[in-house]
Amino acid sequence: MLLAAAKSIEMMELGHNIAHGQWDWMNDPEIHSTSWEWDFAGPSGQWQRSHNYVHHTYTNVYGMDEDLSFVVLRMTRDEPWRPVHLVQPISGLAVAAGFEWAIAVHNWALERRQLNVPRHNLRSQPNRDFARKFARQISKDFLLFPALSGRGFRHTLTANTSALLLRNLWSYLVIMCGHFPDGAEKFTVERLERETRGEWYLRQLLGTANFTAGPVLAFLCGNLCYQIEHHLFPDLPSNRYPEIAERLRALCEKYDLPYTTGSLPAQFWLAYRTVWKLALPDRFLRSTSDDAAETRSERKFFGVSLTSSGQPVRPTIDPATGARRGLRTALAAADASIRRADRTFGRFRRRFITSDVDEFGVTQRKGSR
């Protein structure tokens, strides 16, 4: 367990955060993002280009953020269903068990595509970098260290394998809880058209999720229990996230914006429930890509009464309390209205409920999921 904890800390609190440049301001070459090479299957450089740039720039944008599915998982209804998705509850567990290797291969493939490296060019720089790091990790964990223990070869090999498995499962759990619980929104490419800097921050807020953790648990996950804060300020030292979280929650409360968080078990349950649900074709699913718990768009508000009196919820300020009424209130009201419609019309409610978009003061925008 201690070895697994050490590897988890090295990967998440050290490797992940150092590779983000969180400690570059110290100008210490030992913990600088340009020189750090972590205890991980893939080269740090390939991970940085895939994760720091692609994932953090295009967070949860289907077709741009390849971390949205790791190729084998369907995590948004915007992605067309394929027969291979039927086995994703099982393939998801396989990804979890070999998470380190799955990420390494994923980043390696993305690096080759970005550089337009032909598959037959085995001596390309991405291939050489990957092969060198892959061989180093295999040799170190499964050959060299066990051999150094002499008669304890099998015990050391078992310990290393178990520690790596536990680290993979833990890191997979943390990442799933930060990106795929209900409330972590998904987006389409059209959403990026004319996106302002402020809208980029809003997309990061809406597209990520936190889970509650004390100081020890936060340290073990590299403070990625504050995934929202991390995506807003990825190069901010992670030990500042708790402080930032208090100020961010106050802003969300002030402007009535969603701030998705929950306990670790609850967030993982919601994330893996999505894995199970989206293994099925859309015709077997109750909701659509516009009003599902894990994927929503402005069309969620179309054709539903957002208040019990039938009046629309508009972005206003309550004259009595001074509180703003915004997206969080509108989503809660829409959910309640849809539940009422479900009880009346069932799963075919959209056939019976229609309305003029302008009645609700909502402007339809492509790619708003």
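T34 is exposed, with a relative accessible area of 69%, where exposed means over 50% relative accessible area, buried under 20% and partly exposed in between, for a 1.4 Å probe and protein chains only. T34 lies in the loop between α1 and α2; helices here are DSSP runs of H or I with at least four residues, strands are runs of E with at least two, and both are numbered from the N terminus. The side chain of T34 is joined to that of H32 by a polar contact of 2.8 Å, a term for a pair of N or O atoms within 3.5 Å in which, within protein, one must be able to donate a hydrogen and the other to accept it, while residues adjacent in sequence count only if both atoms are side-chain atoms. Although T34 and I18 are 16 residues apart along the chain, their C-alpha atoms are separated by 9.1 Å.

The model is predicted, with pLDDT of at least 70 needed for local features and 80 or more for side-chain atom pairs, whereas totals for chains, interfaces and linings use all residues. Residues are numbered from 1 along each chain as its sequence is written, and side-chain values use heavy atoms, with hydrogens and water left out.

## Nonpolar cores

The largest nonpolar core has 40 residues, of which M12, Y172, V174, M176, F211, C221 and Y259 touch the most other members; such a core is a set of buried Ala, Val, Leu, Ile, Met, Phe, Trp, Tyr and Cys residues joined through side-chain atoms within 4.5 Å. Two or more residues each are given to this core by α1 (2-19), α3 (88-97), α4 (99-114), α6 (153-179), α9 (227-232), α10 (241-255) and α11 (264-277), and the largest share, five residues, comes from α6. In soluble globular proteins, nonpolar side chains tend to be buried together.

Which residues does M176 contact, leaving aside its neighbours within four places in sequence? They are M75, P181, F268, A271, Y272 and V275, with contact taken as heavy atoms within 4.5 Å. A second, separate core of six residues includes V54, V61, F187 and L206.

The 14 residues of α11 reach 20 Å from the first C-alpha to the last, close to the 20 Å expected at 1.5 Å a residue; the expected span is 1.5 Å times one less than the number of residues. S263 caps the N-terminal end of α11, with a side-chain oxygen 3.2 Å from the backbone nitrogen of A266. Within α11, L264, Q267, L270, A271, Y272, T274 and V275 are buried, and what covers the buried residues of this helix includes α3, α6 and α8 (215-220).

For α4, the 16 residues reach 22 Å from the first C-alpha to the last, close to the expected 22 Å. Its buried residues are F99, E100, I103, A104, H106, N107, A109, L110, E111 and R112, and their cover includes α2, α3, α5 (125-148) and α6. α4 is followed by N116, whose phi is positive, near 55°.

## Aromatic rings

The structure holds eleven aromatic pairs, counted where rings of Phe, Tyr and Trp (its six-membered ring) have centres within 6.5 Å; planes under 30 degrees apart count as stacked, over 60 as edge-to-face and the rest as tilted. The pair of W23 and W25 is tilted because the planes stand at 40°, with the centres 6.3 Å apart, and W25 is exposed at a relative accessible area of 59%. W38 and F40 also form a tilted pair, 4.5 Å centre to centre with 40° between the planes; here W38 is buried at 3% relative accessible area, and F40 is buried at 1%.

Ring pairs link W101, W108, F130 and F134 into a cluster. The charged end of R112 sits over the ring of W108, 4.6 Å from its centre, and the charged end of R197 sits over the ring of W200, 4.6 Å from its centre; this description requires NZ of Lys or CZ of Arg within 6 Å of the ring centre and within 35 degrees of the ring normal.

## Positive phi in two loops

Most residues other than glycine have a negative phi. N60, in the loop between α2 (44-57) and α3, has a positive phi of about 60° although it is not a glycine, and N60 is buried at 1% relative accessibility. N223 has a positive phi of about 60° as well; N223 is placed in the loop between α8 and α9 and is buried, with a relative accessible area of 10%.
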